[in-house]
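Subject: Handover of a structure and the findings from it

Dear colleague,

Please find below the sequence and the structure that I am handing over to you. My findings follow, grouped by region so that you can look at each one in turn.

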Amino acid sequence: MADKIKLGIIGFGNMGTGHTSNIMTGACPEIQLVAICDKNPDRIEFAKAKYPDAGFAYFIDAIEMLDSGLIDACLVAVPHYDHTKYSIECMKRGIHVMCEKPAGVYTKQIREMNEESLKHPEVVFGMMFNQRTNPVYRKMHDLVQSGVYGEVRRTNWLITNWFRSQAYYNSSDWRATWAGEGGGVLLNQCPHQLDLWQWICGMPVKVQAHIGYGKWHDIEVDDDVTAYVEYANGATGVFITTTGDGCGTNRFEIQLDKAKLVAEDDKLTVIEFDEKVSEYTKTTDKIFGNIDTHTVEVEIEDENPQHIGVLNAWAGNILHGTPLVAPGAEGINGAMLSNAMHLSDFLGHAVELPIDEDVYYNELMKRVATSRKKENVTATFADTTGTYGSK
């Protein structure tokens, strides 16, 4: 068996450049980058200048790279609509694939990708959900899913700490358009949080959202969202996000029957209750009293390898069968939440999950048909470090 996978990257934009840097600095010892593809010749020239002695093969056409015989694994880092297209093309050729987030723009295309993956069990299909390597969220997942603190009663995530300027939205012709990107803050910035929300707390059964489109910027897609969800057990949740807050917040709070979990400022606070809320409510004779609580120390791992960890786990799975950080098939869940929020606002009422995928697709295509074309845009690229991996 080979000691390294031979990797090709489709898309040498912000994320493709970042992944290349990680690999070339030796952070991914089981990955050999051998080919780079980008339809923009300027990006190819940039790569050649940055890595003059790397010996990469360069391609303008992705299919040519996939058919070249040079690679056995591929990282798809193109605009969102083409994530599923190129992932499927990889699968059909027996090429292992790592898909950047989101899995796709709409669940109908993601479902097609997942169905194709089932036809190719030899292909290792992963999603770039690098926030799943964050030890705070991993611990929250373990605590909630273990059931040690009982059922979820309420979830709240206020995630507004990714301010974006108009210059950001003007940096490419596809960004923040229905035709080019398929959505805004929900589809670009929030896939990690939507994935973590469902990974930790489970999928809700009903969603209602109120969305601002171009509320804070000159764009046609969402940049301000407030969503309410209901879970099968009667629990409720709220998800609030925007790219318009100058001094934003990232606070994720979960109320359980016997504890409260709070993730904020890269720390996890666990407040245990001396007894279950469900029991205390029925038995106490105190009119205005509350449950006695105590804050507990929780052991959090030090390592947070992010993109590097996802890539190394993927390579490890291909070479040794070790676990993935995020299997590719799970990408549909966060996308379902994003689509449900959009659909709820499009229709003006709550929607049940799973959504009617044809209805969502038709509503999306109405907006694509009237999408504005950006004129005279000069593509601008930037370092994505510290941005949760948003493009």
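The largest cavity has a volume of about 60 Å³. Please bear in mind throughout that this is a predicted model. The count of cavities of 30 Å³ or more comes to one. Its lining is made up of Pro102, Ala103, Phe129, Leu186, Leu187, Pro191, Leu194, Gly331, Gly334, Ala335 and Ser338. Two elements, H8 and helix H11 (331-347), each give two or more residues to this lining. H11 gives the most, with four residues.

The parallel sheet

Six strands form an open sheet, in the order S3-S2-S1-S4-S5-S6, and their pairing is parallel. Strand S3 (57-59) and S6 stand at the edges with a single partner strand each, so one side of each has no neighbour in the sheet. On average, neighbouring strands here are turned by 25 degrees against each other, direction ignored.

For a specific pair, please look at S1 and S4, which run parallel and are joined by four bridges. Within this pair, isoleucine 9 has leucine 75 in S4 as its bridge partner. Helix H2 (residues 41-50) lies across S2 and S3, running at about 165 degrees to S3.

Helix H10

How many of the 15 residues of H10 are buried? Twelve are, so the helix is largely enclosed by the rest of the structure. Among the buried residues are Trp314, His307, Leu311 and Ile318. The buried residues of H10 pack against strand S1 (5-10), helix H1 (14-24), strand S2 (31-37), strand S4 (73-76), strand S5 (96-99) and strand S6 (125-127). H10 covers residues 306-320 and reaches 20 Å from its first C-alpha to its last, which is close to the 21 Å expected at 1.5 Å a residue. Just after H10, glycine 321 takes a positive phi of about 80 degrees.

The mixed sheet

There is also an open sheet of nine strands, with mixed pairing and the order S14-S13-S12-S11-S7-S10-S9-S8-S15. Its edge strands, strand S14 (293-296) and strand S15 (351-352), each pair on one side only. Helix H8 (residues 191-201) packs on this sheet, touching strand S7 (152-159), strand S9 (222-230), strand S10 (236-242) and strand S11 (250-256). The direction of H8 makes about 165 degrees with that of S7.

Strand S10 lets you see both kinds of pairing: S7 and S10 pair in the parallel sense over six bridges, while seven bridges join S9 to S10 in the antiparallel sense. Leucine 158 has isoleucine 240 in S10 as its bridge partner, and valine 229 is partnered with glycine 237 in S10. S9 and S10 form a hairpin with five residues between them, and glycine 234 in the turn has a positive phi of about 95 degrees. S10 is mostly covered, with five of its seven residues buried.

Is tryptophan 178 buried or exposed? Its relative accessible area is 5%, and since buried means under 20%, tryptophan 178 is buried. This residue lies in the loop between helix H7 (166-169) and H8. Tryptophan 178 and histidine 192 are 14 residues apart in sequence and 20 Å apart in space, C-alpha to C-alpha.

Beyond its neighbours within four places in sequence, histidine 342 is in contact with Trp178, Gly183, Leu186, Ile211, Tyr213, Asp222 and Tyr360.

With kind regards

Definitions and conventions
Residues are numbered from 1 along each chain as its sequence is written. This is a predicted model: local features need pLDDT of at least 70, side-chain atom pairs count only at pLDDT 80 or more; totals for chains, interfaces and linings use all residues. Side-chain values use heavy atoms; hydrogens and water are left out. Two strands pair if DSSP finds at least two bridges between them. Contact means heavy atoms within 4.5 Å. Axes are lines fitted to C-alpha atoms, for helices over the stretch in contact, and angles run from 0 to 180 degrees between N-to-C directions. The expected span of a helix is 1.5 Å times one less than its number of residues. Buried means under 20% relative accessible area, exposed over 50%, partly exposed in between (1.4 Å probe, protein chains only). On a 1 Å grid over the protein atoms alone, a cavity is a set of points where a 1.4 Å probe fits but cannot get out, and a pocket is an open set with protein on both sides within 12 Å along at least five of seven lines; lining residues have an atom within 4 Å of a point. Grid points are joined across faces, edges and corners, and a volume is the space filled by probe spheres set on the points.
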